[in-house]
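Me: Before we discuss this protein, I would like each label set against the criterion behind it. Please show me what we are working from.

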Amino acid sequence: MEEEKKCLICGKSFLPNKYRPNQSICSSLECQYQRQLNNMKGWRDRNPNYFKYKEIQDSSWKETCQQRSLEWRKRHQEYLKLYREEHRERHRNYMKEYMREYRRLKKAGQG
Ligand SMILES: [Zn+2]
């Protein structure tokens with residue numbers, strides 16, 4: 001059966017994906033992004049020597065590093081784009097409601 005859960009990040013209740021019943025974070029873009037950041041941080045905390053070790057072992061480490069940050073930036077920009085689009089939609093709805101209310105009040109004032 002479908003059972004609502006509370007998102008660990010935003011605290012809103014959501015229905016977990018039926019393929020991922022252990023999901024503890026809602027599917028909102030913001031929470032998914034936050035989860036990604038947390039994963040990255042968690043991994044680094046668990047592997048504190050990984051970066052140091054790699055630096056010594058791998059002479060092309062700097063290149064890899066640059067490549068990674070480029071990829072990350074690209075993902076980040078994609079996220080920001082999606083975020084903006086989502087908010088544009090929200091803003092549009094807000095304005096629609098606002099204008100409806102405005103017209104209603106105007107009409108009432110004239111009547
Ligand atoms: Zn959430």
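Me: What share of the residues of the protein counts as buried?

Reply: Of its 111 residues, 10% count as buried, a label that requires under 20% relative accessible area, with exposed meaning over 50% and partly exposed in between, for a 1.4 Å probe and protein chains only. This is a predicted model, in which local features need pLDDT of at least 70 and side-chain atom pairs count only at pLDDT 80 or more, while totals for chains, interfaces and linings use all residues. Residues are numbered from 1 along each chain as its sequence is written, and side-chain values use heavy atoms, with hydrogens and water left out.

Me: Which residues are the protein donors of the zinc ion?

Reply: The SG atoms of C7, C10, C26 and C31 lie 2.3 to 2.4 Å from the zinc ion, and donors are N, O and S atoms within 2.8 Å of the metal (3.2 Å for Na, K and Ca); water is not among the atoms, so sites may look incomplete. Along the chain these donors follow the spacing C-x2-C-x15-C-x4-C. C7, in the loop between β1 (5-6) and β2 (13-14), and C31, in helix α1 (residues 29-46), are 24 residues apart and link distant parts of the chain; helices (H or I, at least four residues) and strands (E, at least two) are DSSP runs numbered from the N terminus. Both C7 and C31 are buried.

Me: Why is the arrangement around the zinc ion called tetrahedral?

Reply: Four donors count as tetrahedral if all angles lie between 85 and 135 degrees; the four donor atoms here subtend angles of 101 to 114°, and therefore the arrangement is tetrahedral.

Technical notes:
Tetrahedral: all angles 85-135°; square planar, octahedral: opposite > 155°, others 65-115°.
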